[in-house]
Amino acid sequence: MSQELVRGMFKAIDENQFDHLEQFFHKDIIYERPGYEPLIGLPAVMHFYREVRVLASGRHGFDAIVIDGEQGACWGRWVGIKKDGTLVDLEFADCYTFAKGKLKHRKSFFFTPLA
């Protein structure tokens, strides 16, 4: 695996190119994200991006992307706007497993106050 797979996924997300986004995900992907039940399978993940995601626009910036065989992680900052107009500046981290050159499992974490 390469960092370019992760960078390509985030570029498609940031540019709202959801038809292009599909190519980065394994058909049996599992995506875990705070506040949601696990999204299981490509149709569920793509429905999330097209219909459910509360973020309207923004950009991911990376502090690091690390790939070790069939596993990887990245962390950085997302700055953008929610669909309700709220500004967001949020640190994030993702952990991955890969299969057949695609993302098979993605788990996202957000650094945000609990209070």
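Me: Hi! Where is the place of K100?
Reply: K100 sits in the loop between β5 (87–99) and β6 (102–111). Strands here are DSSP runs of E with at least two residues, helices are runs of H or I with at least four, and both are numbered from the N terminus. This is a predicted model, so local features need pLDDT of at least 70, side-chain atom pairs count only at pLDDT 80 or more, and totals for chains, interfaces and linings use all residues. Residues are numbered from 1 along each chain as its sequence is written, and side-chain values use heavy atoms, with hydrogens and water left out.

Me: Thanks. What about the phi of K100?
Reply: Its phi is near 55°, a positive value in a residue other than glycine.

Me: And is K100 buried or exposed?
Reply: K100 is exposed, as its relative accessible area is 78%. Exposed means over 50%, buried under 20%, and partly exposed in between, with a 1.4 Å probe and protein chains only.

Me: Which residue with a positive phi follows α1?
Reply: That is N16, with phi near 50°. N16 is in the loop between α1 (3–14) and α2 (18–21), and N16 is partly exposed, at 36% relative accessible area.

Me: Let's stay with α1. How far apart are its end C-alpha atoms?
Reply: They are 17 Å apart, which agrees with the 16 Å that the 12 residues should span at 1.5 Å a residue. The expected span is 1.5 Å times one less than the number of residues.

Me: Which residues of α1 are buried?
Reply: L5, V6, G8, M9, F10, A12, I13 and D14 are buried. E4 also lies in α1, but E4 counts as exposed at 54% relative accessibility.

Me: New topic: what volume does the largest pocket have?
Reply: About 340 Å³. On a 1 Å grid over the protein atoms alone, a pocket is an open set of points where a 1.4 Å probe fits, with protein on both sides within 12 Å along at least five of seven lines. Points are joined across faces, edges and corners, and the volume is the space filled by probe spheres set on them.

Me: How many residues line the largest pocket, and which lie nearest its centre?
Reply: There are 20 lining residues, and R33, V54, L55, L90 and F110 lie nearest the centre. Lining residues have an atom within 4 Å of a point.

Me: Which element gives the largest share of that lining?
Reply: β5 does, with four residues.
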